[in-house]
Amino acid sequence: MTKNVARALLIAGFCLSAAEARTAGQGSYVPCDNGLRCVMAPCPSNSALDLASGTIIKGVSIDIDGLPQQDKALDLAEKLYAGKVVVAGTIENRPHIFNGKRYSLPTLVATGIERAAKDTERGHCSSR
């Protein structure tokens, strides 16, 4: 299989998983490291831009367990850190416990990688 054919199949797989996610009524987000550092948990060091509303959700964690395997295999941690991908999914408030205290924090439950993020969509990221 040539590199171009393999690349086309990979892109088609991304498009299919993104289309499935959008039809389920999910949103599109650009998650990334925002440059803020922890002084005390919970940590606000990640944020996600909701592309539909333009709202930046601060302190979001990312749950990638529901992503298709092909989406997990592409240096995903680095791309999420830098805000290089648009992620399909939902934002849920999930309970977390830090130092014996209970917090409800926003979690981006990722279901697919839609596309590469545009530079204009990465304005809230520290690595832009």
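User: How many residues of β1 are buried?
Analyst: In β1, 6 of the 7 residues are buried, so the strand is largely enclosed by the rest of the structure. Buried means under 20% relative accessible area, exposed over 50%, and partly exposed in between, with a 1.4 Å probe and protein chains only. Strands are DSSP runs of E with at least two residues, helices are runs of H or I with at least four, and both are numbered from the N terminus.

User: What should I know about the model itself?
Analyst: This is a predicted model, where local features need pLDDT of at least 70, side-chain atom pairs count only at pLDDT 80 or more, and totals for chains, interfaces and linings use all residues. Residues are numbered from 1 along each chain as its sequence is written, and side-chain values use heavy atoms, with hydrogens and water left out.

User: Which strands does β1 pair with?
Analyst: Strand β1 (residues 27-33) is antiparallel to strand β5 (residues 85-98), over 3 bridges. With strand β2 (residues 46-50) β1 is also antiparallel, through 5 bridges. Two strands pair if DSSP finds at least two bridges between them.

User: And what is opposite Tyr 29?
Analyst: Val 87 in β5 stands opposite Tyr 29, and the bridge partner of Tyr 29 in β2 is Asp 50.

User: What order do the strands take in the sheet?
Analyst: The 6 strands form an open sheet with mixed pairing, in the order β3-β2-β1-β5-β6-β4. The edges are β3 (56-58) and β4, each with a single partner strand, so one side of each has no neighbour in the sheet. From one strand to the next the twist averages 40 degrees, taken between N-to-C directions on a scale from 0 to 180 degrees, with axes as lines fitted to C-alpha atoms.

User: How are β5 and β6 joined?
Analyst: They run antiparallel, with 14 bridges. β5 and β6 form a hairpin with 2 residues between them, and Asn 99 in the turn has a positive phi of about 50 degrees.

User: Now Asp 63. Buried or exposed?
Analyst: Asp 63 is buried, at a relative accessible area of 15%. Asp 63 belongs to strand β4 (residues 61-63), which pairs in the parallel sense with strand β6 (residues 101-116) over 3 bridges. Val 109 is the bridge partner of Asp 63 in β6.

User: What does its side chain reach?
Analyst: The backbone nitrogen of Asp 65, at 2.9 Å from the side chain of Asp 63.

User: Which residues make up the largest nonpolar core?
Analyst: There are 12 residues in all, including Tyr 29, Ala 48, Val 87, Leu 108 and Ala 110. β6 gives the most to this core, with 3 residues. A nonpolar core is a set of buried Ala, Val, Leu, Ile, Met, Phe, Trp, Tyr and Cys residues joined through side-chain atoms within 4.5 Å.

User: On to cysteines. How many disulfides are there?
Analyst: A search of the whole structure finds 1 disulfide, a disulfide being a pair of cysteine sulfur atoms within 2.5 Å. Cys 32 is joined to Cys 125, with S to S at 2.1 Å. The pair links distant parts of the chain, 93 residues apart, with Cys 32 in strand β1 and Cys 125 in the segment after β6.

User: What is its handedness, and are the cysteines buried or exposed?
Analyst: The torsion about the S-S bond of Cys 32 and Cys 125 is about -100 degrees, so the disulfide is left-handed. Cys 32 is buried at 1% relative accessibility, and Cys 125 is buried with a relative accessible area of 5%.

How values were computed:
A polar contact is a pair of N or O atoms within 3.5 Å; within protein, one must be able to donate a hydrogen and the other to accept it, and residues adjacent in sequence count only if both atoms are side-chain atoms.
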